[in-house]
Amino acid sequence: MSAPRRRFGLHQRTIIINGILALIVLIVILQLWLLTATMSAYLGGNTVVVWPAALASLACLGLNVGLLVYLFRLER
Amino acid sequence: MSDPVSDQITRPPDGRAPEEQPRWRQDFPIDQHVEQYVTRREFTKFMVLTSVAFVVGQFWIAAQSLLRRKESAPGLEIARLADLPVGGSLIFDYPEPGQACILVRTGEREAVAFSQLCTHLSCPVIAQADQGRFHCPCHNGNFDLATGQPLSGPPRRPLPRVRLEIRGEHVYAVAMEGMAV
Ligand code: FES
């Protein structure tokens, strides 16, 4: 993600942060679902899904961190 | 933050100088939209932290599954092929005494074994090799003979499997797979 070229006003940034927050909350809910589904599969003896689910959750975290970095760059 | 000054400074609605403003406005000089922006930014950071916690949880489960595979119980001789006809079954304790498992010979040099405890409410299952299933008489649960997956009835989880090795004429139990914690 490249740094934003023009500086946004506070009102614009509030709109942007609302969008980013909504996205991050969605991704976190997805991760919560992934964790409960993996736990249930693992306790049921299915260990095949464990590593792919961990990697998928890591990818979600990557997205979240990317969005957060974008947010910090907005403020610079 | 190096925002334009206009973003940061509260402009009193009456347009008078800050020193002439009432005391309460001097005590709380932060605009509502500035506060809203900051609280949402902080909440966003908190959500990312939550996301980190979920990833840690996922990798903890993955590490547990690796550890469990490594810690598998040692080999134990459980039967001689000559003593068990094809389609016959045998009860044995594995990995600890008192943990009943059931072995079924499915072919000349093939056998399967699972924990004998039904994954519904822990009644012992019985082998019905001719029908290709394990049957639980308590609530009419059935499991697939080859895979241990539930076929019908209340059980939702498969029977934990005992990994077997056939060395010469002897059948060994070498590990437990998919045991619930
Ligand atoms: S205990 Fe086996 S079906 Fe209920």
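Where does B:N140 lie in chain B? Select it and you'll find that B:N140 sits in the loop between β6 and β7 of chain B. B:N140 isn't a glycine, yet its phi is positive, about 60°.

Before you click on, a word about what you're looking at. This is a predicted model, in which local features need pLDDT of at least 70 and side-chain atom pairs count only at pLDDT 80 or more, while totals for chains, interfaces and linings use all residues. Residues are numbered from 1 along each chain as its sequence is written, chains are lettered from A and ligands numbered from 1 in the order in which they are written, and side-chain values use heavy atoms, with hydrogens and water left out.

Most residues other than glycine have a negative phi, and most peptide bonds are trans. Now pick B:S122, in the loop between β4 and β5 of chain B. Its phi is near 70°, a positive value in a residue other than glycine. B:S122 counts as partly exposed, at 44% relative accessibility; buried means under 20% relative accessible area, exposed over 50%, and partly exposed in between (1.4 Å probe, protein chains only).

Next, show B:Y94 and B:P95. The peptide bond from B:Y94 to B:P95 is cis, with omega near -5°. You'll see B:P95 in the loop between β2 (89-93) and β3 of chain B.

**Stop two: the disulfide**

Select B:C123 and B:C138. These two form a disulfide, with their sulfur atoms 1.9 Å apart; the rule asks for a pair of cysteine sulfur atoms within 2.5 Å. A disulfide is a covalent bond between the sulfur atoms of two cysteines. Over all chains the count comes to 1 disulfide. Look along the S-S bond: the angle about it is -90°, and the link of B:C123 and B:C138 is left-handed.

What does the pair tie together? B:C123 lies in the loop between β4 (110-115) and β5 (126-128) of chain B and B:C138 in the loop between β6 (133-136) and β7 (141-144) of chain B, so the link joins parts that are 15 residues apart in sequence. B:C123 is buried at 17% relative accessible area, whereas B:C138 is partly exposed at 39%.

Two other cysteines to click on are B:C101, buried at 1%, and B:C136, buried at 2%.

**Stop three: B:R105**

Go to strand β3 (residues 100-107) of chain B and pick out B:R105. Is B:R105 buried or exposed? B:R105 counts as buried, with 9% relative accessibility. A polar atom of its side chain lies 2.6 Å from the backbone oxygen of B:L84.

Leave aside the neighbours within four places in sequence, and B:R105 is in contact (heavy atoms within 4.5 Å) with residues including B:L81, B:P85, B:E110 and B:A111. B:R105 also forms a salt bridge with B:E108, the closest N and O atoms being 3.5 Å apart. A salt bridge here is a side-chain nitrogen of Lys or Arg within 4 Å of a carboxyl oxygen of Asp or Glu. B:E108 counts as exposed, at 59%.

**Stop four: another salt bridge**

The count over all chains comes to 5 salt bridges. One of them links B:R167 and B:E165, with the closest N and O atoms 2.9 Å apart. Both partners are partly exposed: B:R167 at 39% and B:E165 at 37%.

**Last stop: where the chains meet**

How many salt bridges does the rule find across the interface of chain B and chain A? It finds 0.

Technical notes: Helix = DSSP H or I, 4+ residues; strand = E, 2+ residues; numbered from the N terminus. Polar contact = N/O pair within 3.5 Å; in protein donor to acceptor, adjacent residues only side chain to side chain.
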